[in-house]
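Notebook open, two chains to look at. I want to see how they meet, then pick out one residue.

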Amino acid sequence: MDTVSNAVHYIFLAAAACFVMGLHLMNHPRTARRGNTLSAGAMAVAIAATAWLILDENVISTTGWLVLTSGGVLGAALGLWAAREVQMTAMPQLVSLFNAVGGGAAALIAVGELLQTEHPAALGARVSLPGALDIVIGAVTFSGSLIAAGKLQGVVSGAPVVFPGARLLNVLLPASFVAGTVWLVLAPDSRVALYGLVAVALLFGVTMVLPIGGADMPVVISLLNAFTGSAVAMAGFVLDETALIIAGMLVSASGGILTKLMADAMNRSIANIVIGGFGTGDSAPAATGSGAPAQVRSISADDVAIQLAYASKVIFVPGYGLAAAQAQHELGDLAKVLTDHGIDVSYAVHPVAGRMPGHMNVLLAEANVPYTQLKEMDDVNPEFPQADVALVIGANDVTNPIARRPGNAISGMPILDVDQAKSVVVIKRSMGHGYAGVDNELYTNPKAGMFFADAKKGLSELKAAVGEFVG
Amino acid sequence: MNNLDLLTAITVFVLSVLVGIEVISKVPATLHTPLMSGSNSVHGIVVIGAMLIAAESHTWLGYVLAFVAMAFGAMNVVGGYVVTDRMLEMFKAKPAAEKNQSAEQNQKAGV
């Protein structure tokens, strides 16, 4: 090993250490940005070191340079543009898109390596096995993440798409991975095995994600993020590059943990989500026509404003409805009026509120809500009995008390104890159902009033009305 | 390239998983979206692999593969870090930013 190659590998090691520290700094909002900058800096140095290594080895052709720089510049420009332009509400689909290209790149590396090697038949299982795994995982992630992003963006139907034979296909395709992988390991020079594996994996990504409902997309994205991490680590095995193994597995472990945390927050197993069928979208038919709407108490903006203005403690419960209406700024403004009037305001954030874990926190942060007012479920639940008003904005399933009883779609899911507050106000456009497709018992609770309005419009009205009372 | 022996590679693999679990389990739910996006940009290190593949390419098929891998990897890494930074910027302590932001919002609202 020559000096440059040695130096570059020390640089890679330092970069890997910086990635770990960068992720570690993400454990507090105050240091998180520094962590990300550290990680990005380490990445830039690692990329520069790789360029140095390539220059030093001097085996790259002129066309190779052209391909490397033009591909890099094009990708960087697209990524930069997308990252700058994206609306915060569309963040989950963008993360999914970036995840797709990451997985795609990892798969292409293995394909490239297997195609380029002059004597592929001589490749041992040491390269061909991780290569085959890289292709399978990377390609599944690529097509799966694209479908997930499409579902969140509304390009692909958010409802679970089930077609005849889907279940059978989802058994046959993984079986053919195993066959294809074994074939490729035994005969690394077989083009049929290589292309076949790519095609089957791409198809499986689609058939795996299509039957999963939009509500479960956060879990799917997180899971696919973990997949990409493993694909990158496999690419590291193929290329003999420790940096890729370390960074890839770091991400894979983090994605795995996040996926588990989210599944726990919904009281469901990961397997249950992936097998699908629950996240039926908001078009789910109401099975129970018990005439519940008749018992609902509808109230006006003025009624709500009086309650808010004379409260001493208010807890906001933002949900997907808030995100969809992009009403985070209006909520922040209303909270500010109340805080200025000396009212104790906090936000109860369910772990799966929004479309990604912690997505609601990002939206509220965008609206300049101090993060000290954001409270996680376990911290805020004991506070509800002291709250004069709990204002629910577009959150449905996560506030439904029937989750405490067995025998329904959301049984056992940890919820926000909104019904413990002295008074409850729900801002909602209609009596429509949440993702779980069940009636929310909270709405017929005598303590609860329904303020039927679009979140954005309703909150502006409330702010104006509260302004009248508090002067 | 150096020839990493299999045992070393697997050791690195296992230790990285453990470090990942240890580091991530301490992150509060508030930061889970930036965390996901941030870890997403870390696997953008795949761009290094794409560069090595581009350097080895000598056939037109190889060049096409390398080009797409480069574009994908670069998009992952640049976009990932920039968008994570944008999110985290909003989480920083407010006092200085608050005035500007609310003035801007008032302007938008026509106040």
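**Chain B against chain A**

I looked up the contact (heavy atoms within 4.5 Å): 84 residues of chain B and 111 residues of chain A take part. My notes on the source: this is a predicted model, where local features need pLDDT of at least 70 and side-chain atom pairs count only at pLDDT 80 or more, while totals for chains, interfaces and linings use all residues. Residues are numbered from 1 along each chain as its sequence is written, chains are lettered from A in the order in which they are written, and side-chain values use heavy atoms, with hydrogens and water left out.

Next I checked buried area, the accessible area (1.4 Å probe) that two parts lose on being put together, summed over both. I got about 8800 Å², with 75% from carbon and sulfur atoms. On the chain B side, Met36(B), Ile45(B) and Met75(B) lose the most, together 8% of what that side buries.

Then I looked for salt bridges (a side-chain nitrogen of Lys or Arg within 4 Å of a carboxyl oxygen of Asp or Glu). I found one between the chains: Asp85(B) with Arg33(A), 2.9 Å from N to O.

**His32(B)**

Is His32(B) buried or exposed? His32(B) counts as buried because its relative accessibility is 6%, and the cut-off is under 20% (1.4 Å probe, protein chains only). A polar atom of the His32(B) side chain lies 3.3 Å from the backbone oxygen of Val27(B).

Conventions
Buried means under 20% relative accessible area, exposed over 50%, partly exposed in between (1.4 Å probe, protein chains only). A polar contact is a pair of N or O atoms within 3.5 Å; within protein, one must be able to donate a hydrogen and the other to accept it, and residues adjacent in sequence count only if both atoms are side-chain atoms.
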